[in-house]
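Open your viewer and get ready to click along. We will take the view one selection at a time.

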Amino acid sequence: MTRERLIVIGGNGAGMSAASRARKLKPDMEILAFEKSGYISYAG
Ligand SMILES: Cc1cc2nc3c(=O)[nH]c(=O)nc-3n(C[C@H](O)[C@H](O)[C@H](O)COP(=O)(O)OP(=O)(O)OC[C@H]3O[C@@H](n4cnc5c(N)ncnc54)[C@H](O)[C@@H]3O)c2cc1C
């Protein structure tokens, strides 16, 4: 069976919000986030 995969480009507000939302909606989904700066958003 193939696993659903979400690729997020950008790890600031929008990217991490999208990744968090996807994790809540689909706990089994594979989520890969790429951030070019090396620092992701730290705010809630
Ligand atoms: C000077 C300034 C002041 C601001 N002040 C406020 C404020 O006081 N309050 C407020 O609410 N908003 C403020 N904003 C707006 C706020 O910063 C943006 O609305 C918010 O950061 C947008 O988030 P985002 O995740 O959509 O995009 P961004 O913050 O632009 O994040 C995009 C991310 O993608 C990464 N990225 C880009 N290309 C690639 C790539 N090819 N591969 C991997 N990663 C990549 C970048 O490194 C970046 O981390 C301000 C903006 C500016 C410019």
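Here is a short tour, from the overall fold to the salt bridges and then the ligand.

**Before you click.** This is a predicted model, in which local features need pLDDT of at least 70 and side-chain atom pairs count only at pLDDT 80 or more, while totals for chains, interfaces and linings use all residues. Residues are numbered from 1 along each chain as its sequence is written, and side-chain values use heavy atoms, with hydrogens and water left out.

**Stop 1: the whole protein.** Switch to a cartoon view. You will find 1 helix and 2 strands, and along the sequence they follow the pattern β-α-β. Helices (H or I, at least four residues) and strands (E, at least two) are DSSP runs, numbered from the N terminus. The C-alpha atoms fill a box of roughly 35 × 20 × 10 Å along the principal axes. Of the 44 residues, 18% count as buried; buried means under 20% relative accessible area, exposed over 50%, and partly exposed in between (1.4 Å probe, protein chains only).

Stop 2: How many salt bridges does a search of the whole structure find? The search finds 2, a salt bridge being a side-chain nitrogen of Lys or Arg within 4 Å of a carboxyl oxygen of Asp or Glu. Select Lys26 and Glu4 for one of them: their closest N and O atoms are 3.1 Å apart. Lys26 sits in the loop between α1 (13-25) and β2 (30-34), and Glu4 in the segment before β1 (5-9), 22 residues apart. Lys26 is partly exposed at 38% relative accessibility, and Glu4 is partly exposed at 44%.

**Stop 3: Arg5 and Glu30.** Now select Arg5 and Glu30, a salt bridge with its closest N and O atoms 3.2 Å apart. Arg5 lies in strand β1 and Glu30 in strand β2, so the pair ties together parts 25 residues apart in sequence. Arg5 counts as exposed at 52% relative accessibility, whereas Glu30 is partly exposed at 22%.

**Stop 4: the ligand.** Which residues surround the ligand? Select Ile9, Gly10, Asn12, Gly13, Ala14, Phe34, Glu35 and Lys36; a residue is near a molecule if one of its heavy atoms lies within 4 Å of it. Next, look at the ligand's oxygen atoms. A polar side-chain atom of Asn12 lies 2.7 Å from one oxygen atom of the ligand. For Glu35, a polar side-chain atom lies 2.6 Å from a ligand oxygen atom. With Gly13, look at the backbone instead: an N or O atom there lies 3.3 Å from an oxygen atom of the ligand.

How values were computed
Polar contact = N/O pair within 3.5 Å; in protein donor to acceptor, adjacent residues only side chain to side chain.
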